[in-house]
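Hi,

Here is the structure I promised to pass on to you. Have a look at it first, and then read on for my notes on what turned up.

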Amino acid sequence: MTAVGRLLADLGATVTQVHLPGVTDEPPAPITEGAGVDADSVGIAINRHGLNTVVIDLSIADDRRRWVHLLAGSDILIEDTRPGSDAEKALAARNIRAEHPGLVILSISDFGRDTSYRGWLATTPVLHALTSELSRSGVPGREPLVPPAGQ
């Protein structure tokens, strides 16, 4: 989500990245090695540049009111829950759509929500395999080998 939010922020939109504990993925852990900006990796810092970030816990009444207020004042909701996951059910985008019919909801997933691949993760090995790159790696007649990291 952050790359899309960053693009909208670069175009002048006010973008707020909301972390909903128990619904959305945990924010990335602080870096422990390598290059970083504050407590984030360079890549995360670049994607979050220009975004406001808030944590809203839907189990707390005041936070639920903040969430409803935030949705009511928004033009676009970008969500990236995994199709069929508990997070997708907890977010309940269809209910949000019913309560906020003017809100544009952009739903991002690795392989779509209505495909036979909807549960797949777009990891580097999966993407290598889907592009048939792995058909040329390894020993002929044996399982393909994933290229070493960084190559």
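This is a predicted model: local features need pLDDT of at least 70, side-chain atom pairs count only at pLDDT 80 or more; totals for chains, interfaces and linings use all residues.

The side chain of Asp 62 meets that of Arg 65 in a salt bridge, with N and O 2.2 Å apart. Both residues sit in helix α3 (residues 61-72), and because they are three residues apart there, about one helical turn separates them. Arg 65 has a relative accessibility of 52%, so this residue counts as exposed.

Helix α3 holds another such pair. Arg 66 forms a salt bridge with Asp 63, and the closest N and O atoms are 3.2 Å apart. Here too the two partners are three residues apart in the helix, about one turn. How accessible are these two partners, Arg 66 and Asp 63? Arg 66 is partly exposed at 40% relative accessible area, whereas Asp 63 is buried at 12%.

Glu 79 is buried, with a relative accessible area of 6%. Through shared partners, salt bridges join Glu 79, Glu 88 and Arg 113 into one network.

**The loop between β6 and α6**

Ser 109 is in this loop too, which runs between β6 (104-107) and α6 (124-130). Its side chain reaches the backbone nitrogen of Gly 112 at 3.1 Å. Setting aside neighbours within four places in sequence, Ser 109 is in contact with Thr 81 and Pro 83. The C-alpha atoms of Ser 109 and Pro 83 are 7.2 Å apart, although 26 residues separate the two along the chain.

Trp 120 also has its place in the loop between β6 and α6. With a relative accessible area of 35%, Trp 120 is partly exposed. Together with Tyr 117, Leu 127 and Leu 130, Trp 120 makes a nonpolar surface patch of about 380 Å².

Which residues make up the largest nonpolar core? There are 10 in all: Val 18, Leu 20, Val 23, Ile 56, Trp 67, Leu 71, Leu 77, Leu 91, Ile 96 and Leu 103. Beyond its neighbours within four places in sequence, the contacts of Leu 103 include the core members Leu 71, Leu 77 and Ile 96. Ser 74, Asp 75, Ile 76 and Arg 97 are also in contact with Leu 103.

That brings us to Arg 97, which is in helix α5 and is partly exposed, at 41% relative accessible area. The side chain of Arg 97 reaches the backbone oxygen of Pro 101 at 2.2 Å. Leaving aside neighbours within four places in sequence, Arg 97 is in contact with Gly 102, Leu 103 and Ile 105. From Arg 97 to Leu 77, 20 residues away in sequence, the C-alpha to C-alpha distance is 9.8 Å.

Most residues other than glycine have a negative phi. Ala 92 is not a glycine, yet has a positive phi of about 55 degrees. You will find Ala 92 in the loop between α4 (86-91) and α5 (93-99).

**The chain as a whole**

Finally, the overview. The protein chain has six helices and six strands, which run α-β-β-β-α-β-α-β-α-α-β-α from the N terminus on. Of its 151 residues, 23% are buried. Among the contacts with a separation of 6 or more, 54% are between residues 24 or more positions apart. The protein chain exposes about 10300 Å², and carbon and sulfur atoms supply 56% of that area.

Happy browsing, and best wishes

Note on methods. Residues are numbered from 1 along each chain as its sequence is written. Side-chain values use heavy atoms; hydrogens and water are left out. Helices (H or I, at least four residues) and strands (E, at least two) are DSSP runs, numbered from the N terminus. Contact means heavy atoms within 4.5 Å. A polar contact is a pair of N or O atoms within 3.5 Å; within protein, one must be able to donate a hydrogen and the other to accept it, and residues adjacent in sequence count only if both atoms are side-chain atoms. A nonpolar core is a set of buried Ala, Val, Leu, Ile, Met, Phe, Trp, Tyr and Cys residues joined through side-chain atoms within 4.5 Å. Buried means under 20% relative accessible area, exposed over 50%, partly exposed in between (1.4 Å probe, protein chains only). Patches are made of residues with over 30% relative accessible area and no salt bridge: like charges are joined within 9 Å, nonpolar side chains (Val, Leu, Ile, Met, Phe, Trp, Tyr) within 5 Å. Accessible areas come from the Shrake-Rupley method with a 1.4 Å probe; for residues, only the protein chains shown count as cover. A salt bridge is a side-chain nitrogen of Lys or Arg within 4 Å of a carboxyl oxygen of Asp or Glu.
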